[in-house]
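Dear colleague,

Please find below the sequence and structure that I am handing over to you. A short account of what was found follows.

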Amino acid sequence: MSKTYKPFTEKTVIPFVQSLQLFKETDPLLCEEIGDGNLNLVFRIRHQETGSSIIVKQALPYAKVVGTSWPLTLDRARIEGEALKNEYKLVPQYTPKVYYTDKDYAVTVMEDLSHLTILRKGLIQRKNYPNLSKDIGHFLAHTLFFTSDYGLNQQEKKLFSSHFINPELCKITEDLVFTDPFFDHDTNNFPEELRPFIEDVIWSDEELKLEVAKLKRAFLTKGEALLHGDLHTGSIFADETTTKVIDPEFAYFGPMGFDIGAFIANLVLNYISQFGHTENIEEREAYQQFLLTSIKETWTTFAKEFTALWANTKHQQEAYMRLPAFKEAVLDEVFRDTIGFAGCKVIRRIIGLAHVEDIESIADEEKKLAAKKLALQIGKALILKRFDLQTMEDLIKVVEQK
Ligand code: SR1
Ligand code: MG
């Protein structure tokens, strides 16, 4: 029998976690709602004496960032729970442990990662993340390979993909990433001073629109692997040694390059934002170098790991995998998709509904505007030049030369 959904409050969530036996009834518990994302409630419940804590994430039946006028399926909580469990099976070192899920209450109860920092915030503060790119490259290779037809049996993949039919969240991406920013749409959100630049550089460019249409088509039709679906730097917790990926509620079977491109786009956005965050040129350049190296290493780690998994006959699910040229062809296509999707993701964060703190927190208004223009130029170049670039060094040159 289904239970009745109701959004929890800081008070009502406590008896709920007690009923799960995650804490005792007599435990002194403190609860705080800490959700700062666009969609959900996030409660942290902490034992005041032992300090042990858990997270209860609950989906709201609408998009929090807009309000009740934008209804949104609660099924995304089930999808997130299933995606997290799958990721935990494949890459436990990069995944929070899930303790409990409940699709009626649209709840995921999981490990508290508050000892780590949300990566976006750390990058804005120019924190050091020596393991980040290797960790994310590894995360991407394993989650994508083992849910693709190369690492997962064709029958199992087809059946498994039925758990991740995610039409409403995919529609958000289709609109907010691939469509609205490329037209004068009412969901867009940008300062009026930027309008002439957007009209000139983005909206009036038919060649650009054609390439974005092709990338949107890939997002709509290419069910290569189970994606995280929203792998930006706000979906990652990290410190100098540990990296954890959270929030896969946008998970669906899509093109592998979409996840890789999302992560790279957010490093590019942080790179651009650093022009507005510090006057200290040496410090800025050193950090920007770290970001560019991280972009390169994310791809090289992904490609190396993916190649190793592919070469291991124990994992091979597809007859044509024995052709070395086939792997090269697959990786080449993923590379081009990655760059194109990264370009779309950069542009959507400047013109579209949802922005990033990296850019928005630039204090100087002129520098902020300059950063937005630079981001649009880089995003556009990535989309248009994706078939000319051969390596991530070429992509880095595009970012540096704009
Ligand atoms: C209405 S949701 C806006 C954005 O937030 C999420 O993190 C996704 O990126 C989505 O596009
Ligand atoms: Mg999210």
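The model is a predicted one. Three of its strands form an open sheet in the order β8-β10-β11, and their pairing is antiparallel. The edges are taken by β8 (117-118) and β11 (243-245); each has a single partner strand, so one side of each is left without a neighbour in the sheet. Between β10 (residues 236-238) and β11 there are three bridges, in the antiparallel sense, and I236 has V245 in β11 as its bridge partner. Helix α4 (residues 132-145) lies across β10 and β11 and runs at about 40 degrees to β11.

Strand β2 (residues 40-47) runs antiparallel to β3 and is joined to it by seven bridges; F43, for instance, is bridged to V56 in β3. These two strands make a hairpin with five residues between them, and G51 in the turn has a positive phi of about 80 degrees. Strand β3 also pairs with β7 (residues 107-111), in the antiparallel sense and over five bridges. Here Q58 stands opposite V107 in β7.

Another hairpin is formed by β4 and β5, with three residues between them. Strands β4 (residues 62-63) and β5 (residues 67-71) are antiparallel and share two bridges, and A63 has G67 in β5 as its bridge partner.

Turning to the helices, α2 covers residues 75-90. Its 16 residues should span 22 Å at 1.5 Å a residue, and its end C-alpha atoms are 23 Å apart, which agrees.

Which residues bring α13 and α14 together? In α13, I378, A381, L382 and K385 meet L395, V398 and V399 of α14. By class, this contact has six nonpolar residues, no polar ones and one charged residue. Two packed helices are described by the angle between their axes and the distance between the axes. For α13 (residues 365-385) and α14 (residues 392-401), the axes come within 9 Å and cross at roughly 145 degrees. The crossing of α13 and α14 is right-handed.

With kind regards

Methods
Residues numbered from 1 in each chain as written. Chains lettered and ligands numbered in written order. Predicted model: local features only at pLDDT ≥ 70, side-chain atom pairs only at ≥ 80, totals over all residues. Heavy atoms only, no water. Axes fitted to C-alpha atoms, helices over the stretch in contact; angles between N-to-C directions. Helix = DSSP H or I, 4+ residues; strand = E, 2+ residues; numbered from the N terminus. Left-handed = near helix turned anticlockwise from the far one by under 90°. Contact = heavy atoms within 4.5 Å. Nonpolar A, V, L, I, M, F, W, Y, C, P; charged D, E, K, R; others polar. Pairing = 2+ DSSP bridges. Expected span 1.5 Å × (residues − 1).
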